[in-house]
Amino acid sequence: MSYEVLARRWRPQTFDDVVGHAHAVTALRNAIELGRLPHALLLCGPRGVGKTTLARIIARGLNCEQGPTASPCGSCDPCREIAAGTSLDVQEVDAASNTGVDSVREIRESVRYAAAPGRHRIFIIDEVHMLSTAAFNALLKTLEEPPPRSLFVLATTDPQKIPATVLSRVQRFDLKTLPAAEVLGRLLEIARAEELEIPESVLRALVREGGGSVRDSLTLLDRLTSGLGAKISEAEAAAVLDLIDRRVVVAIVEPVLAGDPGQALLALRAALERGIEPSRLAADLLAELRDLLVARLVEDPGALIDAAPEEVEAIRERASAHAPETLQQLFRVLLTRNQDLAHAPRPDHVLEMAVARLASLPGAEDIGRLLARLDALDGGGPSRPGPAGGGEGGGRARGGRAAAGTARAGASAGPPAAQARRRSPEAEAKQRKQAREHPKVREVIEALDAELVEVRLPRGTEGA
Ligand SMILES: Nc1ncnc2c1ncn2[C@@H]1O[C@H](COP(=O)(O)OP(=O)(O)OP(=O)(O)O)[C@@H](O)[C@H]1O
Ligand SMILES: [Mg+2]
Ligand SMILES: [Zn+2]
């Protein structure tokens, strides 16, 4: 027996099984129930989000023996024939492989035969944007004078390529890529029904890689099960799909944030030696910095971060030790360097330089701390933290960065224990605010920004 891929086996047979697209689904359901379905529909949307699926459900809804109904029974002859693709009333044309006028002529020929009593004739034209101009013109005539009880469902990933004359004769539905939570829900359901032993973290990774397409995520799941069987561990999945474990990324980002370039470089090299592409790794480093920033700024970041709740909590915990400005700054610097990766003879070296640079950038808090220290040396007010006092704010993970900053300032660093001591969040925020407004800090920040400009300049002038 040949294996039926998951995406096929799990094609929704009713509107209830369709994930997402609430707008389109509700409108189509109502239209069928009320007998108000227009005679031509256009379903637009990226690949694998349910266009063909919806077209077939509509066909069943119209031709089900209980129908027209928004809840086709699934067991009558028409329902089963449509599911199996053998119904004579439903004609599917793949415009991608039949771009010419002949395929449309064929449709027009067959349109002339009336549907059997109580039935509709449904023409599904997939990838309709691929039709030639002549074919579109031929189609127009049919759309203008549709025979009774006929329905045209046009589907496309590229609505811009469809002539306005066609657009004006169809009712259009736009399907979007699906939210991660919805795809995950579907994968969990399918994994349970298929009795797969697979961690949710792996399914989440499949959702991420699928980019909002249910089919793409299911195809990846097929790849896992065909290689590994029904029992799949996180490590095995990562190896098969070439996924980057978040821990690999965290191992690099943490020393960067702690101001430890040596450790960051070692972690980076370890990741590269696992065969991870520098450009993918850079993208994941950027994503991690983005997640940290979001977690730092948003009270309940769960909806904005694509990870399991425990993981979101861990990200929040890591983020709490860093100023949003620092995270933003690191993101920007990495993004700028990232653009060099594509053209470099050794992208891994470019990434190393970028990571080393990131780990050596002074953070926003360090500048504040430095200035506070300078003020204290100048005999500043008592509210300023003293050299060995409780002023080593900024949090645990930033000890390394703080120490480096202090050494650079030429002032004596406090004992490590004092550095580990934490200040209240309010005091920290106040200190940071003061620091940001300080003219010297402005100067440093402007200098850093100037550096970004310098980095960009050579490329801008290259073409000139
Ligand atoms: N919204 C959805 N809900 C549930 N499953 C879906 C959904 N969209 C896609 N799928 C799954 O993906 C498979 C492919 O979907 P479908 O053929 O409808 O995609 P499509 O939008 O027509 O893609 P293409 O543009 O590549 O033709 C389905 O068989 C089903 O398993
Ligand atoms: Mg399709
Ligand atoms: Zn039926």
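This note reviews the pockets, cavities, aromatic pairing and salt bridges of a predicted model.

1. Basis of the values. As the model is predicted, local features require pLDDT of at least 70 and side-chain atom pairs count only at pLDDT 80 or more, whereas totals for chains, interfaces and linings use all residues. Residues are numbered from 1 along each chain as its sequence is written, chains are lettered from A and ligands numbered from 1 in the order in which they are written, and side-chain values use heavy atoms, with hydrogens and water left out.

2. Largest pocket. A pocket here is an open set of points on a 1 Å grid over the protein atoms alone, with protein on both sides within 12 Å along at least five of seven lines; a cavity is a set of points where a 1.4 Å probe fits but cannot get out, and lining residues have an atom within 4 Å of a point. Grid points are joined across faces, edges and corners, and a volume is the space filled by probe spheres set on the points. Two or more lining residues come from each of α9 (200-210), α11 (234-241), α12 (246-257), α14 (278-297) and α15 (309-319); helices (H or I, at least four residues) and strands (E, at least two) are DSSP runs numbered from the N terminus.

3. The lining of the largest pocket holds 15 charged, 13 nonpolar and one polar residue, where Ala, Val, Leu, Ile, Met, Phe, Trp, Tyr, Cys and Pro count as nonpolar, Asp, Glu, Lys and Arg as charged, and the others, Gly among them, as polar. The largest pocket lies between domain 2 (180-241) and domain 3 (246-360), because both give residues to its lining. The domain bounds come from an automatic or database domain assignment.

4. Second largest pocket. The volume of the second largest pocket is about 510 Å³. It is lined by 26 residues, of which R11, G48, G50, T53 and R215 are the closest to its centre. At least two lining residues are supplied by each of α1 (6-9), α3 (51-63) and α10 (214-228). The lining of this pocket has ten charged, ten nonpolar and six polar residues. Domain 1 (6-174) and domain 2 (180-241) each contribute at least three residues to that lining.

5. Cavities. There are eight cavities of 30 Å³ or more. The second largest cavity has a volume of about 50 Å³ and is lined by I252, V253, V256, L285, L289, L334, V355 and L358. This lining consists of eight nonpolar residues, with no polar and no charged ones. α12, α14 and α17 (347-360) each supply at least two of the lining residues, and α12 gives the largest share, three residues.

6. Aromatic pair. The structure contains one aromatic pair (Phe, Tyr or Trp rings, the six-membered ring for Trp, with centres within 6.5 Å; planes under 30 degrees apart count as stacked, over 60 as edge-to-face and the rest as tilted). F123 and F152 are stacked, at 5.0 Å centre to centre with 20° between the planes. The two residues are 29 apart in the chain, F123 in strand β3 (residues 121-126) and F152 in strand β4 (residues 150-156). F123 is buried at 1% relative accessibility, and F152 is buried at 0% (buried means under 20% relative accessible area, exposed over 50%, partly exposed in between, with a 1.4 Å probe and protein chains only).

7. Salt bridges. The model holds 23 salt bridges (a side-chain nitrogen of Lys or Arg within 4 Å of a carboxyl oxygen of Asp or Glu). One of them joins R186 to E189, with the closest N and O atoms 3.5 Å apart. These two residues are three apart in helix α8 (residues 180-193), so about one helical turn separates them. R186 is buried at 6% relative accessibility, whereas E189 is partly exposed at 36%.

8. R246 and D291 meet at 3.3 Å, N to O; R246 is in helix α12 and D291 in helix α14, 45 residues apart. D291 is buried, at 8% relative accessibility. R246 and D291 also belong to a salt-bridge network with E254, E288, R290, E311 and R318. E352 and R269 form another salt bridge, the closest N and O atoms being 2.7 Å apart. This pair ties together parts 83 residues apart in sequence, because E352 lies in helix α17 and R269 in helix α13 (residues 261-273). E352 is buried at 16% relative accessibility, while R269 is partly exposed at 25%.
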